[in-house]
Amino acid sequence: MDIQRINPCARWSDVTVFKGIAHFVEVPEDASQDLAGQVSQVFSQAEASLASVASDKSQLLSVTIYVTDFAHLDTLNMAWEAWLPVGCAPSRACVKVELANPAYLLEIAFVAATAE
């Protein structure tokens, strides 16, 4: 069974693909921005990761969103709904957590189908 690892390093791979299913996690590159800015960054990065495995956001199967404060949930949900194609919402969990970098306001784990 072949596992494809894109840009692997000692701690993680940017994307891992197995049997046509891609797994990856995105965090904001510029953590100094507010939640809307961080969400926008994560979505852009997710689109690039999806494209790297011949997929797109309409192929998302599941996401786990980690947020540091549920007070940001309305902003997150508005951006999420605007970003997703109509009728393509994946299964989703949203969990309040403490993230490794205190400046991060969110982190998202994605699972998507690929062209295989």
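How many helices and strands does the secondary structure of the chain comprise? There are two helices and six strands, where helices (H or I, at least four residues) and strands (E, at least two) are DSSP runs numbered from the N terminus.

The model is predicted, so local features need pLDDT of at least 70 and side-chain atom pairs count only at pLDDT 80 or more, while totals for chains, interfaces and linings use all residues. Residues are numbered from 1 along each chain as its sequence is written, and side-chain values use heavy atoms, with hydrogens and water left out.

**Select the whole chain.** Coloured along the sequence, the chain shows the pattern β-β-β-α-β-α-β-β. Its C-alpha atoms fill a box of roughly 45 × 35 × 20 Å along the principal axes. Of the 116 residues, 36% are buried, that is, under 20% relative accessible area with a 1.4 Å probe, protein chains only. For contacts (heavy atoms within 4.5 Å) between residues at least 6 apart in sequence, 69% join residues at least 24 apart.

**Select helix α1, then Gln38.** Helix α1 covers residues 35-52 and contains Gln38. Gln38 counts as buried because its relative accessibility is 0%.

**Show the surroundings of Gln38.** Beyond its neighbours within four places in sequence, Gln38 is in contact with Pro28, Asp30, Ala31 and Gln33, and also with Ala103, Tyr104, Leu105 and Leu106. Now display the backbone of Leu105: its nitrogen is reached by the side chain of Gln38 at 2.8 Å.

Definitions and conventions:
Buried < 20%, exposed > 50% of the residue type's maximum accessible area, 1.4 Å probe, protein only. Polar contact = N/O pair within 3.5 Å; in protein donor to acceptor, adjacent residues only side chain to side chain.
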